[in-house]
Amino acid sequence: MTKATPGRDEMQMIAAILAGDTHLFHDLIRPYEHSVYMMTLSCLKNEADAEDAAQEAFLKAFRHLASFRGEAKFGTWLVSIALNEARTRLRREGTVRMESIDQTPEESGRVSPAILRDWREIPSEALERQEIRHLLQQAIESLPDLYREVFLLRDVKELSIAETAEALTISIATVKVRLHRARVMLQKRLAPQLEHHNPKKRWFQWS
Amino acid sequence: MVLECKHVWDYISGYLDDTLPQETKELVQRHLDHCEICSAIFDSTRNIIVLMADDRVFELPVGFSERLHARLEREINPGASSTRKP
C-alpha cells in the first residue's frame with residue numbers, strides 16, 4: 001500500500017486550504033478515507049454509525065485545520081480525531097465499556113500460538129474467496145478493542161510503530177506489547193482455520 | 001544459551017518487525033533453524049499479516065467516498081453548488 005504524497009506537499013496543500021482554496025481539502029483527505037473509516041468502525045462496530053462518525057471527523061479536521069502544526073503526520077492526526085469522535089459517541093450513548101479504554105490487559109498473562117507441524121503458504125489469490133475474507137474479518141472483530149486498534153494501524157494500514165503510538169497516544173512499548181498479542185491471537189485463531197481451507201492441503205488429504 | 005519453544009514465541013512479533021537486539025535475534029534464528037514447529041508458527045503468523053494487509057479484506061462501503069465528499073462540499077462551501085449568486 002502506498003501512501004500518497006506525504007509531508008511537504010501536504011503542508012503546502014494545508015497552507016493553500018487555510019488561505020481559501022478549500023476545494024483542495026477533498027484531495028488532501030482522499031488517501032486517508034480508508035484508515036479513518038476503519039478506526040471508527042473498529043470502535044463503533046456498526047457501518048452506518050462508523051460512516052457518520054468518519055464524515056464528522058473529516059469535518060472537524062477541516063474546521064481545526066489551522067491547529068495542525070505538522071509535528072505529527074497529517075494521517076496520524078486524522079486518525080486521532082476519528083478515534084476521539086468515535087469514542088465520544090460511545091460515551092454519549094452510554095454504551096462505552098470504560099475498562100476497554102483504561103484497562104491494561106497486556107499485563108494479564110501470556111498468549112500462546114496455535115501449534116502446527118508445518119505451514120503451507122496461503123497465497124493472496126485465496127482472498128478472491130469470500131469465505132477466506134470473512135474468516136479474516138471475523139478474526140479481527142474478535143480481538144479486544146485495544147489490540148485491534150494497534151493491529152489495524154500497524155499491520156493493515158502499515159503505519160510504523162512510532163506512528164501507531166502517536167495516533168493512539170500510547171507509548172512505543174505499549175504498541176509493541178499489544179501488537180505482539182494481537183498477532184499471536186490471530187495466528188492462534190486463524191492458522192487452524194486457514195490450514196483447513198487451503199486447497200493444496202485439502203487435495204493432499206483426499207489423495 | 002538455548003531457548004525453549006515457549007520463550008521463542010515471546011519474540012514472534014519483534015522478530016517479524018526486526019526490532020530485536022542482535023543477540024536475541026540470533027538465538028531465535030538458531031532455534032528456528034532446527035525447530036519445525038516454531039518455524040511453522042512464525043511462517044503462519046507472517047502469512048496472516050500479509051493477507052490482512054491486502055486491500056480486498058477491508059473494503060469501504062459502496063458509495064462511501066461519494067457520500068463523504070458530497071457532505072464535505074455542502075458543509076465547507078454552503079450554497080456554492082445549489083444557489084449561485086450572480
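Me: In what order do the elements of chain B run from the N terminus on?
Reply: This is a predicted model, in which local features need pLDDT of at least 70, side-chain atom pairs count only at pLDDT 80 or more, and totals for chains, interfaces and linings use all residues. Residues are numbered from 1 along each chain as its sequence is written, while chains are lettered from A and ligands numbered from 1 in the order in which they are written. Helices (H or I, at least four residues) and strands (E, at least two) are DSSP runs, numbered from the N terminus. Chain B has five helices and zero strands, and its elements run α-α-α-α-α.

Me: Is B:Trp9 buried or exposed?
Reply: B:Trp9 lies in the loop between α1 (5-8) and α2 (12-17) of chain B. A residue is buried if 20 or more other C-beta atoms, placed from the backbone, lie within 10 Å of its own, exposed if 12 or fewer, and partly exposed in between. Because B:Trp9 has 22 other C-beta atoms within 10 Å, B:Trp9 is buried.

Me: Which element gives the most to the side of chain B that touches chain A?
Reply: Two residues are in contact if their C-beta atoms, placed from the backbone, lie within 7 Å; 32 residues of chain B are in contact with 40 residues of chain A. On chain B, α2, α4 (36-52) and α5 (64-76) each supply at least two residues of that side. With 12 residues, the element that gives the most is α4(B).
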